[in-house]
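Subject: Structure handover

Hi,

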Amino acid sequence: MDTIGDILRDFLKDCIQNESGFVELRYHKKEARSISAERGRIENTQLKFRTGVAIRVLVNGTWGFSYTGEINKKSVQAAIVSAKKSAQLSSVLRKEKIPNLPPANFAVGSFIGEGITEVTEKTLEEKIALVMSMAGDGSFPSSRIQSIACGYSEIYEEKAIVTTDGADVFFSLIRPEFRINAVASQNGVMQVGSESIGVTGGWTCLFKDFQPAELREKACKTATDLLDSKLPLGGTQTVILAPSIVGLLVHEAIGHTVEADFVLSGSAAAGKLGQQVASHLVTLCDSGISEFYTGAGGSIPVDDEGVLTEKTTIIEKGVLKSYLHNRETAEKFGVKSTGSARAWEFSDVPLIRMRNTYIEPGNSSLQEMIDATKSGYLLEGPKNGQADSNGEFMFAVQKAHRIENGKIVGLVKGVSSSGMAFDVMKEVDMVSKEFKWDLGSGYCGKGQPAKVDAGGPYIRTKLKLGGTNE
Amino acid sequence: MITYQQISSKLEETKTYVDGVISKAKKDGISQVEIYSAYSVDTELSIEKNDISTSTHSEDTNFGVRVIENHCQGFVTTNSRDTLYQSIEGARSIARSQNMPDDCVELPEPRSIHPVDGLYLTDLDTFGFEDILNSIRKIFSVRESQFPKVNIDTGSASVSKGFKFIASSTGVMCSEIRGDISASFFGMAVDGNDIGSFDYDSATGRNMAMFQKNLDHALVSFGEKCMGSLNARSIQGFRGSIILTPDTVFNFLGDLLSSMTGTMIRKKRSKFGDKLGQQVTSPLLSIFEDPLIPCFTGSTSFDREGMPTEAKEIITKGVIHQFFYNHFEAKKAGLQQSSGNASGGSSSTPGCGPKQLQILPGKSHLQDILKPTDKTILVNRFSGTSDAVSGDFSGSVKGSFLLEGGEKIPVKEVIISGNMYEVLNRITDVSRERKLLGSSSHVPWIKFADVDITGTDENC
């Protein structure tokens, strides 16, 4: 009996059977559920359905794109005609024509994600009950806690990708996420503590490290601890970064600069292949697979060009080895696609994006790193981050623990950190054995969102912290 | 290209269909249902690395379905009209899954709406693909002739036409047909090994004439901003003044305004809950909203719940005049009706927020503000984090300058940190001149005193 994957692949293949040029069809069904509660009431419960077929063609060396929300042969073929017409018309302005794309490591068959049944068989009532129990009934664990918000969301996706040059694949996956956000208040000062987790996988995988109540307790503690905190001293400091912050660092500082489309625009990584760009302690990778253990939030078996994803070693022992590619940039650089083309919905064009980005673990322990630090900060609790074309990056953290003479002596307010990507990587002098995926609830924005994860060991380096001048 | 008449026909057809679906729902005992529909036809030509990338033609419809039963709410969105009734049943099922009725959860009764002029100018009917190609030609031409060192990493020119429409079982029924032309560009200057910061700009207009005028300004502004970040150098940190450009002011005030929403106040996440009528910022700051300005891109006659919008004072000389309420938050606050500030679209339940903000000009001339006697950072872009609850902000400044002794020095690796609520009481200048952002909001330049500015440890 045919599965839904077989049926969809056959339908798409039927739509392009008479096509002679390059045509790529991507069926994408997305169901997003979310529940949020705060101060004893359900704030929001919603369900979003988006289903359609994306069409991409290559005509006269120029891309044409269209899509339809109507899943039938007539609509898909009409959208193919529309995409071809658009490409034809715009090709008059295209200076550098895209040649025929060489074959890639195409996926063929069906890939069914782990944990789908485990998440979908939980009823809405069970999920609401969990969120309500964490958001509380309006009474809080401390008189200084003023509000607790809790959110649960999940994205279930099915994709089928068929191209005229060989991709023929169906895959499905589910990504649940859980968030807690607490507000503490005292003498007119308000502070926030947040905890969030997210995985590609099931319910058990989501709560494998922390139970919901533990996350709630951590968020409340952060919010109350920060009430008395002050800004750190601004300037360049020795810092130990927790795995979540390492994740932010490698995503923002290195990951974006090695996306081949940014490289072609002149990013800081352009022309540096083969060069020593980081400490020899640093081996940095981006993978569609969840390395070390399952559940990394940015995992995908196949990218949105139908190419099998792989582990891409970007920096090996400090030497820049590879950029991240789609089929077009792979052809331009004379390499194979790294399976990094991703689209958020059927209405989005695939772009080069990261998946799960990390530094490989080293030989030190966290305690050894703290012991060896005379003056510095341990940074943890990721907030947001951004990268710049010149290699300067910025990311923000919730908490900075002051380290003096090998001991943690206090907490200061989390602030933003910045530096030049490769300079900071060259300063890495200690890398821990511990490894953790810790940005599973993160999204990357590049015109359209993408679900990514990042992490690594603890690392020690030097960064500039925003703060006071005296 | 689709015409006004064709969009109008599509709207009437959608209204009839949605009306039928709501009637069926009422017959089936679903007494409170609201459907928000957004329809758009877009043609876009994107740019990547100074060349044409992808040409896209698309037509999209999305429905947001809200059902309230026993004072509990369920919400479903779908892009398939065929599943609209199924979505109503799904939303009812979600509402039923909750067992916490709240009397304030209900759909609002209809109120009269006064249309805004100029949301679709009929000469847009003749705007074709060749016009988009010409806009791209102009972008390439200005870059090559005036800013050859600037790389456009990504960009686009597009025309978007469509409608938004809301109908509910309480009798709300309103719609707007809209259309605009827009372009955007994102990139940086590269001069040998010197790579500048990313910057961006955009232009929009209701017809070709408005768009072309705005495009001319935006291209020069983009090129100058990108070039301005070349030759940047590190500086030593200090505590001093910053001047925010209009784009940065607009972003900076986002957290202040989110603290003035009914939602943040009810959840006790705002410092302003008991501050209505009180001074919360420097008296130099005055903000109002006006969603009824003809032809502006943020103009609209009704909000996410189909309630009328209106011009109103938000902060006058530092004193809070008005919070932002949707129907639910207004009821929770003990008010009779919303302030017409339900925010969002077909993909979300109604939130609360401002509509087309305008910031009043000050008394200082911009040229005087830009020649400070004290050491000052001119912040062109802020790349950082801010928190509406605490007011804490911290982040890198981009494409920015140190103004000192009559010199304007491009800087890099500079972080500014502080607390927004404190800094807003340290405004020293607001410019007379204002910039129109996105054909929607007039915003001046604003100078703040006593901000922590972190540089490098030594001059480089």
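The notes that follow go through cysteines, strands, rings, a helix and one isoleucine.

First, the ground rules. This is a predicted model, in which local features need pLDDT of at least 70 and side-chain atom pairs count only at pLDDT 80 or more, while totals for chains, interfaces and linings use all residues. Residues are numbered from 1 along each chain as its sequence is written, chains are lettered from A and ligands numbered from 1 in the order in which they are written, and side-chain values use heavy atoms, with hydrogens and water left out.

Cys104(B) is in no disulfide either, and the nearest cysteine sulfur, in Cys72(B), is 13 Å away. Both count as buried: Cys150(A) has 2% relative accessibility and Cys104(B) has 14%. (Buried means under 20% relative accessible area, exposed over 50% and partly exposed in between, with a 1.4 Å probe and protein chains only.)

Strands in chain B

Helices (H or I, at least four residues) and strands (E, at least two) are DSSP runs, numbered from the N terminus. Strand S17 of chain B, residues 392-398, is mostly covered, with 7 of its 7 residues buried. Strand S16(B), residues 381-386, runs antiparallel to S17(B) and is joined to it by 6 bridges (strands pair if DSSP finds at least two bridges between them). Phe382(B) stands opposite Val397(B) there. The two strands make a hairpin with 5 residues between them, and Gly391(B) in the turn has a positive phi of about 90°. S17(B) also pairs with strand S20(B), residues 415-419, in the antiparallel sense over 5 bridges, where Asp392(B) has Asn419(B) as its bridge partner.

Rings

There are 24 aromatic pairs over all chains. (Rings of Phe, Tyr and Trp, the last by its six-membered ring, pair if their centres lie within 6.5 Å; planes under 30 degrees apart count as stacked, over 60 as edge-to-face and the rest as tilted.) Phe186(B) and Phe198(B) are a stacked pair, because their centres are 4.6 Å apart and their planes at 25°. Phe186(B) lies in strand S5(B) and Phe198(B) in the loop between strands S6(B) and S7(B), so the pair ties together parts 12 residues apart in sequence. Phe186(B) is partly exposed at 27%, whereas Phe198(B) is buried at 7%.

In chain A, ring pairs link Phe292(A), Tyr293(A), Tyr358(A), Phe435(A) and Trp437(A) into a cluster. Two lysines also sit over rings: Lys30(A) is over the face of Trp344(A), 3.1 Å from the ring centre, and Lys451(A) is over that of Tyr443(A), at 4.5 Å. (The rule is NZ of Lys or CZ of Arg within 6 Å of the ring centre and within 35 degrees of the ring normal.)

A helix and an isoleucine

Buried residues of helix H2(B) include Leu84(B), Tyr85(B) and Ile88(B). The buried residues of H2(B) pack against elements of both chains, among them strand S2 and helix H4 of chain A and helix H1 of chain B (contact means heavy atoms within 4.5 Å).

Ile369(B), in helix H8(B), is buried at 4% relative accessible area. Leaving aside residues up to four places away in sequence, Ile369(B) touches residues including Ile243(B), Asp429(B) and Lys447(B).

Best wishes

Technical notes: Disulfide = S-S within 2.5 Å.
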